[in-house]
Amino acid sequence: MIGDIIETKQCQLKDPMDLFHSGQVVKICAPMVRYSKLAFRTLVRKYSCDLCYTPMIVAADFVRSAKARDSEFTTNKGDHPLIVQFAAKEAQILCDAARIVCPFADGIDLNCGCPQRWAMAEGYGACLINKPELVRDMVRHVRNQIDNPRFSVSIKIRIHEDLKRTVDLCQKAEATGVSWITVHGRSVEERHQPVHYDAIKIIKQSMSIPIVANGDIKNLKDAENVHHLTGADGIMVARGLLANPAMFAGYEETPLKCIQDWVDIALEHGTPFTCFHHHLMYMMERITSKQEKKVFNVLSSTSAVLDYLNNHYGV
């Protein structure tokens with residue numbers, strides 16, 4: 001785990017629950033495979049993102065292997081508040097994973113929403129929305145075994161075709177002491193269909209803990225609209241932030257200053273070239289012509305990318 005671990009333990013961490021009780025809508029960077037790592041979290045925090053998640057980590061691997069811990073979880077003292085998202089299906093393994101990250105993070109999140117086939121086949125992700133007792137058990141175990149009362153335990157879910165089942169799941173989780181619930185407003189089968197914001201509203205009205213809305217939020221105006229439609233306490237964004245990491249700060253498209261910041265942060269963190277380049281491809285999607293994309297997207301080294309940015313944008 002890179003970063004000033006000792007100082008992380010001693011500094012006064014901003015409690016995620018304080019954010020939800022601030023009266024403001026909490027702006028959240030979603031857990032994204034390969035993308036929501038430390039360097040990108042550092043970038044979005046510069047542009048008004050309140051709360052960041054790690055990519056989903058398989059708890060069993062994390063507990064078993066020091067190599068997995070080193071490659072999957074990297075943080076530093078500025079990386080707060082931070083939620084570590086785990087895929088798990090056994091209460092004790094989730095507890096063990098939570099105990100490992102507890103000194104360095106502000107909470108854990110149980111993934112009950114990933115619809116990928118491999119995750120479902122392994123008993124992880126979205127199949128857990130059909131196992132409310134198991135979810136309840138996992139939340140309860142973490143609550144009982146982590147001494148720090150300010151350490152949050154949240155879940156991220158998809159919705160059922162029959163919304164009553166989703167409300168029941170949420171209420172069971174709330175009764176067990178879950179801190180908040182993030183709702184991706186699609187069922188497991190739905191991929192690109194419209195998001196059911198009406199369902200998120202019904203869930204919000206049925207609960208007394210904070211609810212976070214997720215799904216198809218591409219800019220700040222979308223975020224405001226979804227807040228008004230659902231009454232959600234927080235808004236979680238994935239692809240919208242990849243395309244424009246400065247979105248929460250009110251920018252319509254990625255400003256050049258943000259591209260410069262990404263270059264500085266990525267180089268400082270030793271970000272692998274593929275990840276460094278992919279982020280730039282996303283960020284520059286709206287500000288480059290088709291012709292420019294043809295050239296930029298096939299560059300194959302950091303120095304070539306830096307030369308291109310310098311020559312074309314003065315970055």
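**Cavity, pockets and domain contact**

User: How many cavities of 30 Å³ or more does a search of the whole structure find?

Analyst: The structure is a predicted model, in which local features need pLDDT of at least 70, side-chain atom pairs count only at pLDDT 80 or more, and totals for chains, interfaces and linings use all residues. Residues are numbered from 1 along each chain as its sequence is written, and side-chain values use heavy atoms, without hydrogens and water. A cavity is a set of points on a 1 Å grid over the protein atoms alone where a 1.4 Å probe fits but cannot get out. For cavities of 30 Å³ or more, the search returns one.

User: Which helices each supply at least two residues of the lining of the largest cavity?

Analyst: The space in this cavity comes to about 40 Å³. Its lining (residues with an atom within 4 Å of a point) consists of Met281, Met284, Glu285, Thr288, Lys293, Phe296 and Asn297. Among helices (DSSP runs of H or I, at least four residues), those supplying at least two lining residues each are helix 14 (273-284) and helix 15 (290-296).

User: Which element gives the most to the lining of the largest pocket?

Analyst: A pocket is an open set of points with protein on both sides within 12 Å along at least five of seven lines. The largest pocket has a volume of about 1,000 Å³, and of its 33 lining residues, Pro31, Met32, Arg158, Ala238 and Arg239 are the closest to its centre. Two or more residues each come from strand 6 (152-158), strand 9 (234-237) and helix 12 (239-243), a strand being a DSSP run of E of at least two residues. With three residues, the most is given by helix 12.

User: From which domains does the lining of the second largest pocket draw at least three residues each?

Analyst: This pocket holds about 480 Å³ of space. Among its 23 lining residues, Lys37, Leu38, Thr74, Thr271 and Pro272 lie nearest its centre. Helix 3 (38-46), helix 5 (66-72), helix 13 (256-269) and helix 14 each supply at least two residues of the lining. At least three residues come from each of domain 1 (16-248) and domain 2 (256-313).

How values were computed. Points joined across faces, edges and corners; volume = space filled by probe spheres on them. Domains from an automatic or database assignment.
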